[in-house]
Amino acid sequence: MAKKRQFKTESKQLLNLMIHSIYTNKEIFLRELISNASDASDKAYFKAMEEKDGTYSRSEAVIRISADKETRVLTIADHGIGMSESELETNLGTIAKSGSKAFKDAVDDEEIDIIGQFGVGFYSAFMVSDKIEVISRAYGSDEAFAFKSNGVDGYTLESAERAEFGTTINCYLREDSDDADFSGFLESYKIKELVKTYSDYIRYPIVMSNSEGQDEVLNSMVPLWKRSKSEVTAEELNQFYKDKFHDSEDPARVIRLEVEGTTSFQALLFIPSHVPFNFYTQQYEAGLQLYSRNVFIMEHNKSLITDSFRFVQGIVDSPDLNLNISREILQEDRQLQAIASRIEKKIKSELEVMLKNERDSYEKFWANFGLQIKFGLYSSYGMQKELLQDLLMFNSSYQDKLVTLAEYAERMEDGQDVIYFASADTLEKAKSLPQSERVIAKGYEVLYLSDDVDEFVLQILMNYKDKAFKSVNQGDLNLESDEEKQELEEKTTQSKDMLASIKEKLTGKVDDVQLSSRLVSYPVCLTSKEGVSIEMEKVLNQMPDSQNQFKASKVLEINPNHPLYLALNRVVEDHPERMDDYAQLLYDQACLIEGLPIENPIEFSKRLSEVMVEASQN
Ligand code: ADP
């Protein structure tokens, strides 16, 4: 006769809470029941080993799932340690009582990889079932018992039949409602999908009969990352990546990491060989998959990977995580931070090795994900300077190839105390900026920046190995010898009126007009004083809501060695009334060179035509 019992203590309320609020996702009940079956199999194996009775081997432990659509019963059966009558009572009759945790504590064996710890997982099955039957026969016993409960007001315990030791759990699925489809859990495709997602690496076969009545194993069992490196082929890793992360191409790099310590973990990481189509959209979800003791915990854990490396895909498995009761990880966990920091260092060192030994592969990688690294550097406000600065690459005047900052620093001339760069909106423009002329003529290398974020990155870095970054078109370049300086000063004094006149005509457009020490062959250019540069002004003002509030303090520079300089001096003397046209034309030219729009193209064209006509008349 079945004995009717009440759940212990506050269990009723707790149960209600459990069923309705602990889990965000109903489908995890299957993960919980399978994890329990796996734990039970581990325990049976452990017991058998201890007793050396030879009656049980790991190969016998199979977890069997079956579904009966007519009766709406989903069954999970194992050949594990089972439960005696009193164990059914303590383990299942008391919510938050974990027999598994007690077992683990008692055997105190590091090797044993028991999953259960909170004593609530079983009850998650009530989210989808209105009645559950547990028929269990304990290892070494010939009696079986049935525990039956509707999850509301208690349970019954009675004698039952079971051919072998182990546990069978029958879930009587709830009726479907408008917002919940429970029947889905009886569909084999759904069951397969859930096993694949949550329990793929449970180490015992999870078996289900297919439509022809043959047994089909649903899980892959051994996680690739747990197999020794020598055992796993590159082919297997590539295939694993493609299946798991839905990519049609092999990864560019596979990175494995195994750490033992207070927080032990294994990581299997992949750098894709191309940019995912949605990488720069909101749809792309960064983060690593998280497993604990072979059981899937979450899909995209963002805390595990720094934004700079958000293109990295992969898996982290740690037995030491502080999981919360629903096994949904606690977000701001120190352990996660510790893992993330190890992963970050590992990726960096792998990339550095690639840069050193496989330049072509690295350049390909850089073409794919360099921009993300630069964004990461910028958005971390320089906190990742140490981590990222040696991964950066830029075009340069040294050769028609990408260079690193270390390579630039290596080549620096004696006495060169800054790293020069020229920035424009395309590489071609950056290469041909007149402002670089003198710097290059002096034998200095110039980095060419053409991504919007580039100048901001250098600004955040501030310096590299104590060498500051210096824009060729900003501030004073200090390139001249004392004599050259003196000569420039003299010419400036001589041209005082001309310069003052141009400055006056360009009021509101430039803050200064001066003779240039950086131009060699071009007549004019625009530069800016220190602070917001002209390139930055462009980028910042493109951003939504910028309202054009960013302004570089612009300087119009005139080349004193260009014939135009003499012409201007003549005009200011002989035809001061033409000075306005000349000043505007100079300014518009400088804007064009700089890639800035000219304010009034019609006026520009009119003035230019007039000057051309005049020139033809002389
Ligand atoms: P947890 O697995 O976190 O301990 P559960 O609520 O899922 O919590 O299970 C409570 C306890 O019931 C387990 O610790 C275990 O002792 C026992 N148990 C559950 N399922 C089984 C099973 N299939 N075989 C043997 N014992 C089980």
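## Close-up views of a predicted model

**View 1. Strand S12 is mostly covered and sits beside two partner strands.** Strand S12 spans residues 288-292, and five of its five residues are buried. Here, buried means under 20% relative accessible area, exposed means over 50%, and partly exposed lies in between, using a 1.4 Å probe and protein chains only. Helices (H or I, at least four residues) and strands (E, at least two) are DSSP runs, numbered from the N terminus. The model is predicted: local features need pLDDT of at least 70, side-chain atom pairs count only at pLDDT 80 or more, and totals for chains, interfaces and linings use all residues. Residues are numbered from 1 along each chain as its sequence is written, and side-chain values use heavy atoms, with hydrogens and water left out.

Now look at the neighbours of S12. Four bridges tie S12 to strand S13 (residues 295-301), and these two run antiparallel. Strand S14 (residues 313-317) is joined to S12 by three bridges, and here the strands run parallel. Two strands count as a pair if DSSP finds at least two bridges between them. To follow the pairing by eye, find Leu290, whose bridge partner in S13 is Met298, and then Gln289, whose partner in S14 is Ile315.

**View 2. Two residues make the turn between S12 and S13.** S12 and S13 form a hairpin. What is the phi of Arg293? Phi of Arg293 is near 50°, a positive value in a residue other than glycine. Asn294 also lies in the loop between S12 and S13, and has a positive phi of about 70° although it is not a glycine.

**View 3. The ligand is wrapped by 19 residues.** The closest of them are Asn36, Ser98, Gly99, Ser100 and Phe122. Which kinds of residue make up the shell? By class, there are six nonpolar, 10 polar and three charged residues. In this count, Ala, Val, Leu, Ile, Met, Phe, Trp, Tyr, Cys and Pro are nonpolar, Asp, Glu, Lys and Arg are charged, and the others, Gly among them, are polar. Helix H2 (28-51), helix H3 (85-93) and helix H4 (99-107) each supply at least two shell residues, and H2 gives the most, with three.

**View 4. Six strands form an open sheet with mixed pairing.** Read across the sheet, the order is S16-S15-S18-S17-S20-S19. Strand S16 (402-403) and strand S19 (463-464) stand at the edges with a single partner strand each, so one side of each is left without a neighbour in the sheet. Further in, four bridges join strand S17 (residues 418-423) to strand S20 (residues 467-471), and the two run parallel. Val418 in S17 has Ala468 as its bridge partner in S20. With a relative accessible area of 14%, Val418 is buried. The C-alpha atoms of Val418 and Asp466 are 8.8 Å apart, although 48 residues separate them along the chain.

**View 5. Strand S23 is covered on both faces.** In a regular strand the side chains alternate between the two faces of the sheet. On one side of S23 are Lys554, Leu556 and Ile558, on the other Val555 and Glu557, and all are buried. Strand S22 (residues 524-528) runs antiparallel to S23, with five bridges, and Ser528 stands opposite Lys554.

Technical notes: Near = heavy atom within 4 Å.
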